[in-house]
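Thanks for coming, everyone. Please look at the model on the screen while I talk.

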Amino acid sequence: MPAAPIAFQVTAPYFCYGPKELAHLSRRDARLARAIEAIGPVRRTVRPDFFAALMHAIVGQQIATKAQETVWTRLETALGRVTPATVAAAGTELLQKQGLSYRKVSYMQAAAAAALCGDLDPEALRRLDDAALCAALCRLNGVGVWTAEMLMLFSLQRPDILSWGDLAIQRGLRMLYRHKEMPRERFERCRRRYSPYGSVASLYLWAIAGGALPELTDPAARPPQ
């Protein structure tokens, strides 16, 4: 039986979790239990405003995190608040001047129009189960499965999100379990083991992938030349 993890509680404005989730993950997986105890609390900011979270996700597509935050800051400065009304009123030229491509602007304007006419209803989305919610989000212009899963985790705070499409999650799994490869079947075994708290496992896998445990290297990494 692995040692009990530190009984801390992480609350808003971060993804919320506490002893119940940590105890479950620790019972199910001794390696993850040791990682949880060694790393301590992982705090990841959430955006409860779903429309703002969607806009932030579109801004960040295919650019580095630092660039995403730069563009987002410009957008907030230009619009005051990022809402369906302010995005719809801004116009294409103003949005592009903040560092957004024409395609991203078109995605944002389509989402704003859908929100204003009631076709994009965050409260209705919240009532869907995970599979139906992911499918509904993927019907939005510019939203694929990975973006949908990140919105489910970091805006709607769904508790059981472990994204196959996230390369850092796969790297964290390789590092934790010392595998050179993470095929889908092996990944799904991990998903089932962590359920129903896959989102908290994701937080720790991201931390591991980011170097929170320096003794854990990526077995798939090429040796230095």
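Ground rules first. This is a predicted model, so local features need pLDDT of at least 70 and side-chain atom pairs count only at pLDDT 80 or more, while totals for chains, interfaces and linings use all residues. Residues are numbered from 1 along each chain as its sequence is written, and side-chain values use heavy atoms, with hydrogens and water left out.

Domains. The protein chain is divided into domain 1 (19–45 + 161–210) and domain 2 (50–155). The bounds come from an automatic or database domain assignment. Over C-alpha atoms, the two domain centres are separated by 27 Å. Domain 1 puts 11 residues into the contact, and domain 2 puts in 7. Contact here means heavy atoms within 4.5 Å.

Now the core. A nonpolar core is a set of buried Ala, Val, Leu, Ile, Met, Phe, Trp, Tyr and Cys residues joined through side-chain atoms within 4.5 Å. Buried means under 20% relative accessible area, exposed means over 50%, and partly exposed is in between, with a 1.4 Å probe and protein chains only.

How many residues does the largest nonpolar core have? It has 73. Those with the most contacts inside it are Y17, L54, M55, L137 and Y194. Helix α13 (residues 198–209) supplies the largest share, 9 residues. Helices are DSSP runs of H or I, at least four residues, strands are runs of E, at least two, and numbering starts at the N terminus. Both domain 1 and domain 2 give at least three residues to this core.

Take Y194 as an example. Leaving out residues up to four places away in sequence, Y194 touches H24, L25, D29, L32, L162, L173, L176, Y177, A201 and L205.

Next, the pocket. The definition runs on a 1 Å grid over the protein atoms alone. A cavity is a set of points where a 1.4 Å probe fits but cannot get out. A pocket is an open set with protein on both sides within 12 Å along at least five of seven lines, and lining residues have an atom within 4 Å of a point. Grid points are joined across faces, edges and corners, and a volume is the space filled by probe spheres set on the points.

The largest pocket holds about 670 Å³ of space. Its lining has 21 residues, and R44, H56, Q68, W146 and M150 lie nearest the centre. Two or more lining residues come from each of α3 (50–59), α4 (65–79) and α10 (145–154). Which element gives the most? That is α10, with 5 residues. By class, the lining has 9 nonpolar, 8 polar and 4 charged residues. Nonpolar is Ala, Val, Leu, Ile, Met, Phe, Trp, Tyr, Cys and Pro; charged is Asp, Glu, Lys and Arg; the others, Gly among them, are polar.

Buried or exposed? L153 is buried, at 0% relative accessible area. Beyond four places in sequence, L153 touches F15, R158, I161, S199, S202 and W206. L153 and V200 are 47 residues apart in sequence, but 9.6 Å apart in space, C-alpha to C-alpha.

Now helix α11 (residues 167–177). Why is α11 largely enclosed by the rest of the structure? Because 9 of its 11 residues are buried. Among them are Q170 and R174. The cover over these buried residues includes α2 (30–39), α12 (184–194) and α13.

Last, the backbone. A12 and P13 are joined by a cis peptide bond, omega about 10°. P13 sits in the segment before α1 (19–28). The bond from S195 to P196 is also cis, with omega near 10°. P196 lies in the loop between α12 and α13.

Q62 is one, at about 65°, in the loop between α3 and α4. Q62 is exposed, at 84% relative accessible area. R178 has phi of about 65°, in the loop between α11 and α12. R178 is partly exposed, at 37%.
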